[in-house]
Amino acid sequence: MSDMRYLHRADLPTLFSAIREAGYRLIGPREETGQGGLVYREIDGVEDLPQGVRDSQAPGHYRLVKTGSARCFAWANTASAIKPYLYAPREKLWRAVRKDGRVHFEAVEREAAKTAILGVRACDLAALELQDAHFLQGAYVDPYYKARRERLLLVAVNCTHAADTCFCASTGDGPAAREGYDLLLDELEEGYLLRVGSERGAMIAADLPLQPASAAQQAEASAQSEACARQQQRALPSQQRLQQLDALLEDARWTRIAERCLSCGNCTAVCPTCFCHREFEVPALDGKSTEHWRDADSCFNEDHSYIVGEVVRHGSRERYRQWMTHKLFNWVPQYGRIGCTGCGRCTTWCPASIDFVLEANVLLGLAAAPEVELPHVDGSEAAE
């Protein structure tokens with residue numbers, strides 16, 4: 001399934017047609033007015049793709065730049081990952097009805113639409129593998145996630161450019177995808193190299209006007225991925241070194257981070273691996289029924305650590321420490337790897353410009369703290 005084929009740029013619409021004829025709705029990257037960046041939304045055709053667009057990213061900074069290029073995937077990543085199309089931000093789980101003096105519980109049956117996502121990045125494929133481990137493996141399988149996952153077609157595109165906040169090369173998750181896709185594209189100047197990763201992908205590829213990929217085209221694709229990896233200036237320490245964070249829970253650096261952290265939860269909202277949630281009831285006004293809902297949540301919210309009448313993590317110091325240590329070493333015994341895939345979104349979308357990779361390196365003594373740090377802006381009890 002790994003043989004490379006070539007699809008001319010002018011024939012890209014045939015990929016869209018083949019996906020739709022297979023019964024899938026098509027999600028892809030598009031520039032959405034008012035969102036400030038690229039987002040995954042339903043698209044109709046090639047004209048909806050961000051042609052000639054690059055992203056400029058830095059801590060607390062995301063801007064799109066017009067280049068005039070014919071390329072549609074010459075950007076690092078979108079503002080949000082593909083997670084919302086599998087782990088819904090809000091959904092009803094079940095309903096309870098009072099009838100004949102008894103309470104009856106009714107399951108919510110959902111028909112998952114066949115969904116194809118175009119432009120998936122390697123870091124987000126790695127994140128999806130972690131989501132699968134959480135929701136699909138073990139004693140309790142999430143039926144809502146499972147239904148959407150089984151009807152998902154993934155068309156990945158290898159990165160050709162890295163943002164300043166990218167560090168997937170250091171986590172081993174990019175910039176080139178290795179597995180987890182149905183189809184994989186490498187965008188070249190005149191077209192696309194295509195590889196098939198599944199039987200489902202092979203059925204789509206069979207309807208495309210593909211040609212054999214030349215040695216020069218394959219060399220160009222490899223050179224792009226290698227250049228993208230070299231562009232990355234940020235790097236997480238090794239997984240073994242990150243385990244040393246466990247001995248640094250009382251380090252003064254957590255207080256310095258908390259002086260800037262707003263506990264806004266932006267980092268967890270854009271993170272492709274986070275899966276915290278809360279559950280709540282929505283009772284009917286007549287008292288005869290109630291609905292049980294699930295919302296995406298964040299460990300930065302105060303009530304997230306409410307246990308038996310007490311909030312365990314009172315301020316930003318405890319919350320940021322919980323998030324980083326959970327992500328960088330507590331996931332290893334559970335999932336066999338850290339919970340970060342190097343996308344850099346948490347740093348880009350932090351309104352306080354906190355650099356996740358830099359802070360991990362500072363805590364471990366591998367980098368010096370920046371000379372100038374932004375002050376905390378809301379005066380909360382972050383340094384408790």
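Which two strands form a hairpin with two residues between them, and which residue in the turn has a positive phi? Strands S6 and S7 form this hairpin, and Asp100 in the turn has a positive phi of about 55 degrees. The model is predicted: local features need pLDDT of at least 70, side-chain atom pairs count only at pLDDT 80 or more, and totals for chains, interfaces and linings use all residues. Residues are numbered from 1 along each chain as its sequence is written, and side-chain values use heavy atoms, with hydrogens and water left out.

**Stop 1: the hairpin and its neighbour**

Select residues 90-99, strand S6, and residues 102-107, strand S7. Helices (H or I, at least four residues) and strands (E, at least two) are DSSP runs, numbered from the N terminus. Two strands count as paired if DSSP finds at least two bridges between them. S6 and S7 run antiparallel and are joined by six bridges; Arg95 stands opposite Glu106 in S7.

Next, select Val103, in strand S7. Not counting residues up to four places away in sequence, Val103 touches Ala96, Val97 and Arg98, where contact means heavy atoms within 4.5 Å. Glu226 is 123 residues from Val103 along the chain, and 61 Å separate their C-alpha atoms.

**Stop 2: the eight-stranded sheet**

Now display the open sheet of eight strands, whose order is S3-S2-S8-S9-S10-S11-S1-S12 and whose pairing is mixed. The edges are held by strand S3 (38-42) and strand S12 (211-212); each has a single partner strand, so one side of each is left without a neighbour in the sheet. Strands of a sheet pair through backbone hydrogen bonds, either parallel or antiparallel.

Within this sheet, select strand S1 (residues 5-8) and strand S11 (residues 191-196), which pair in the antiparallel sense over four bridges. His8 has Gly191 in S11 as its bridge partner.

**Stop 3: a salt bridge across the sequence**

The structure holds 24 salt bridges, each a side-chain nitrogen of Lys or Arg within 4 Å of a carboxyl oxygen of Asp or Glu. One of them joins the side chains of Glu187 and Arg9 (3.0 Å, N to O). Glu187 lies in strand S10 (residues 183-187) and Arg9 in the loop between S1 and helix H1 (12-21), so the pair ties together parts that are 178 residues apart in sequence.

**Stop 4: the two domains**

Colour domain 1 (5-87 + 111-231) and domain 2 (239-276 + 299-363) separately; these bounds come from an automatic or database domain assignment. Their centres, taken over C-alpha atoms, are 27 Å apart. The contact takes 29 residues from domain 1 and 28 residues from domain 2. Together the domains bury about 2,200 Å², 59% of it on carbon and sulfur atoms; buried area is the accessible area (1.4 Å probe) that two parts lose on being put together, summed over both.

Two salt bridges are counted between the domains. Finally, select Asp173 and Arg337, whose side chains meet in a salt bridge (2.8 Å, N to O). On the side of domain 1 that touches domain 2, H2 provides the largest share, nine residues.
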